[in-house]
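Please examine the sequence and the three-dimensional structure shown below. The report is intended to be read beside them.

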Amino acid sequence: MTPSVSPRVAAIIDKVKLKLEYAEPLFVFCMYDSSLNAEAWREETSNGPVGDVRITSSALEALDDDELTYLIGHEMGHLIFKNDEWGNLKQDTGENGKYKTRLPLMGDQLYRKWSQMKEITADRMGLIASENLEASLKAQIKVSYGLSGKNIAIDAIDSLLHQIEEIKDDEIVEGDDTLSHPIDHIRLKALQLFGKAYLNGERESFREGDDE
């Protein structure tokens with residue numbers, strides 16, 4: 001996705017790189033796919049590490065500029081924190097994102113907790129890149145449910161966040177630890193708490209958001 005091919009996407013990439021102070025070489029590709037998704041990993045080359053971000057064509061078409069900024073920031077966050085370095089410990093089971101690891105029981109449990117927490121961290125990087133909480137939450141909803149803007153109500157964010165308050169004492173909130181990502185409602189709530197603290201400059205309240 002170079003400036004000559006897609007000026008819009010190239011400009012967003014440059015914006016995110018500047019905001020997140022990402023200095024390594026980065027290549028962004030479009031994948032022809034009906035899902036709204038993206039992925040990232042680092043490759044070691046003779047000239048040093050190179051970042052690789054791949055975004056589906058459907059995500060590029062469905063997300064507006066601020067939403068796409070969030071998504072690219074999320075994936076760049078994975079690169080910044082080198083989250084893919086532990087990917088060889090995970091083996092896909094072919095069951096809706098569930099996986100198994102090559103680790104003993106305690107190591108397996110720690111890996112699964114880390115795997116879900118790294119998504120929360122990457123979500124925060126996406127918000128820092130976009131600096132738009134509503135767009136970040138909306139992008140997360142679109143990617144999670146595969147919906148376009150015409151199928152998302154104006155108050156969808158408030159409605160989904162209200163649901164987590166209703167079920168927060170239920171066992172379902174613990175999520176399925178065989179999944180690599182936290183359940184969607186937890187990600188939205190965590191993003192909302194961080195976003196309000198970050199955008200309002202209330203750094204001292206970050207820990208309170210983590211605890212909540």
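## Basis of the report

This is a predicted model, in which local features need pLDDT of at least 70, side-chain atom pairs count only at pLDDT 80 or more, and totals for chains, interfaces and linings use all residues. Residues are numbered from 1 along each chain as its sequence is written, and side-chain values use heavy atoms, with hydrogens and water left out.

## The chain as a whole

The protein chain contains 8 helices and 5 strands. Here helices (H or I, at least four residues) and strands (E, at least two) are DSSP runs, numbered from the N terminus. Along the sequence, the order of these elements is α-β-β-β-α-α-β-β-α-α-α-α-α.

Of the 212 residues in the protein chain, 42% are buried; buried means under 20% relative accessible area, exposed over 50%, and partly exposed in between, with a 1.4 Å probe and protein chains only. The accessible surface of the chain is about 12100 Å², and carbon and sulfur atoms hold 50% of that surface. Among contacts (heavy atoms within 4.5 Å) with a separation of 6 or more, 65% join residues 24 or more positions apart.

## Helices α5 and α7

Helix α5 (residues 133-145) packs with helix α7 (residues 184-199) at an angle of about 165 degrees, and their axes are 10 Å apart. Axes are lines fitted to C-alpha atoms, for helices over the stretch in contact, and angles run from 0 to 180 degrees between N-to-C directions. Helix α5 is therefore roughly antiparallel to α7, because angles over 145 degrees count as roughly antiparallel, under 35 as roughly parallel, 65 to 115 as roughly perpendicular and the rest as oblique.

Residues of α5 in this contact include Leu133, Leu137 and Ile141, and those of α7 include Leu188, Leu191 and Leu199. The contact of α5 with α7 comprises 7 nonpolar, 6 polar and 3 charged residues. In this classification, Ala, Val, Leu, Ile, Met, Phe, Trp, Tyr, Cys and Pro are nonpolar, Asp, Glu, Lys and Arg are charged, and the others, Gly among them, are polar.

## Helices α3 and α4

The axes of helix α3 (residues 65-80) and helix α4 (residues 105-130) come within 7 Å and cross at roughly 130 degrees. The two helices α3 and α4 are therefore oblique to each other.

Among the residues that meet are Gly73 and Gly77 in α3, and Ala122 and Gly126 in α4. The contact of α3 with α4 has 6 nonpolar, 7 polar and 4 charged residues.

## Residue Ala135

Ala135 lies in helix α5 and is buried, with a relative accessible area of 8%. Ala135 touches Asp66 and Glu67, leaving aside residues up to four places away in sequence. Although Ala135 and Glu67 are 68 residues apart in sequence, their C-alpha atoms are 5.2 Å apart in space.

Technical notes: Accessible areas come from the Shrake-Rupley method with a 1.4 Å probe; for residues, only the protein chains shown count as cover.
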